[in-house]
Amino acid sequence: MKGELKLAIWMGTAADEAFPDAWHSNAASAHVDVSMASYIRPKVYFSPRLWYVRVNIIEAEDLVVAENSRIPKVNVKAQIGHQKLKTKVVHAPTFNPLWNEDLLFVTAEPFEDYLVLSIEDQGEPNRVEVIGRVVIPLSTIEKRADDRMIKARWFKLEKPVAAVHVKKSKEDELCGFLLLRLCLDGGYHVMDESSHYSSDLRPTAEELWNPPTGALELGILRAEGLHPMKIRDGRGTADAFCVARYGHKWV
């Protein structure tokens, strides 16, 4: 045995509690040896770029509801991750409801999430029946950096999972179509911090950025007057590090 290898692996950002313990670069003993400070390497991280997801829910056609004897009252529930929004509830005597509503979500690169749209029928009090739904990968949605009009598309509604197991024929699988206008809108800046302290107010789309004018070099020398955060060898100490952010990069 020639030594020990210590590893710390985690997924997250510098705001996580595990960051001070997991990141030591190649100078783990720099807190006791000042001569080692020049060997501390900063690491460059990239904050994910945020995009607006603009969902224009226009109308639905040929909805199939469980009770044809009554006029359905329907709305659309849209969800991306933990974000949920709903349209207004409309009466659909012809089973072709019209909403023409815009819903706005926020997502981050890379686009690994899904947009889930469900058409709900508000039947009896406290009872909601899902007529059909459509699942759209965010990676397939068109990006837009200007104000051009996005072409609307029809999407086939799928039966909810509970209804799929009891289907009996091909006709039972059809539950309607939904007309949508979707885009990843990069013409605006998505605020992820206070506007008074924001270091980057550029739009999301990179092609709208101003060209660079030069290079910025920053040297962080020392810090004074830090409060001790822990006790080591009977003395108060702090394993401090600095974070500098510019645009979507931070070191």
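Residues 162-168 are a stretch to handle with care: pLDDT stays under 50 there, and the model has three contacts for them beyond four places in sequence. This is a predicted model, with a mean pLDDT of 81 for the protein and 78% of residues reaching 70 or more.

**Confidence**

- Residues 25-32 also have pLDDT below 50, and this stretch makes eleven contacts in the model beyond near neighbours in sequence.

**Strand E7 and its partners**

- E7 covers residues 114-122 and pairs with E3, residues 73-80, in the antiparallel sense over six bridges.
- On that side, leucine 117 of E7 sits opposite alanine 78.
- E7 is also joined to E8 (residues 128-137), again antiparallel, by nine bridges.

**The nonpolar core**

- The largest nonpolar core has 32 residues, and the members that touch the most others are Leu115, Leu117, Ile119 and Leu178.
- At least two residues of this core come from each of E2 (50-61), E3, E6 (98-108), E7, E8 and E11 (177-185).
- E2 gives the most, with five residues.
- Isoleucine 119 shows how far the contacts reach: leaving aside neighbours within four places in sequence, its partners include Ala60, Leu63, Val74, Val76, Trp99, Val130, Ile131, Leu157 and Leu178.
- Its contact list has Asn75, Glu129 and Gly132 in it too.
- As background, nonpolar side chains tend to be buried together in soluble globular proteins.

**Threonine 204**

- Threonine 204 is placed in the loop between E11 and E12 (230-232).
- Its relative accessibility is 5%, which is under the 20% cut-off, so threonine 204 counts as buried.
- A polar atom of the threonine 204 side chain lies 2.7 Å from the backbone oxygen of leucine 50.
- Not counting residues up to four places away, threonine 204 touches Arg49, Leu50, Trp51, Gly186, Tyr188, His189, Val190 and Trp209.
- Tyrosine 52 is 152 residues from threonine 204 in sequence, yet their C-alpha atoms are 8.7 Å apart in space.

Note on methods
Residues numbered from 1 in each chain as written. Predicted model: local features only at pLDDT ≥ 70, side-chain atom pairs only at ≥ 80, totals over all residues. Heavy atoms only, no water. Pairing = 2+ DSSP bridges. Helix = DSSP H or I, 4+ residues; strand = E, 2+ residues; numbered from the N terminus. Core = buried A, V, L, I, M, F, W, Y, C linked by side-chain atoms within 4.5 Å. Buried < 20%, exposed > 50% of the residue type's maximum accessible area, 1.4 Å probe, protein only. Contact = heavy atoms within 4.5 Å. Polar contact = N/O pair within 3.5 Å; in protein donor to acceptor, adjacent residues only side chain to side chain. pLDDT = per-residue confidence, 0-100.
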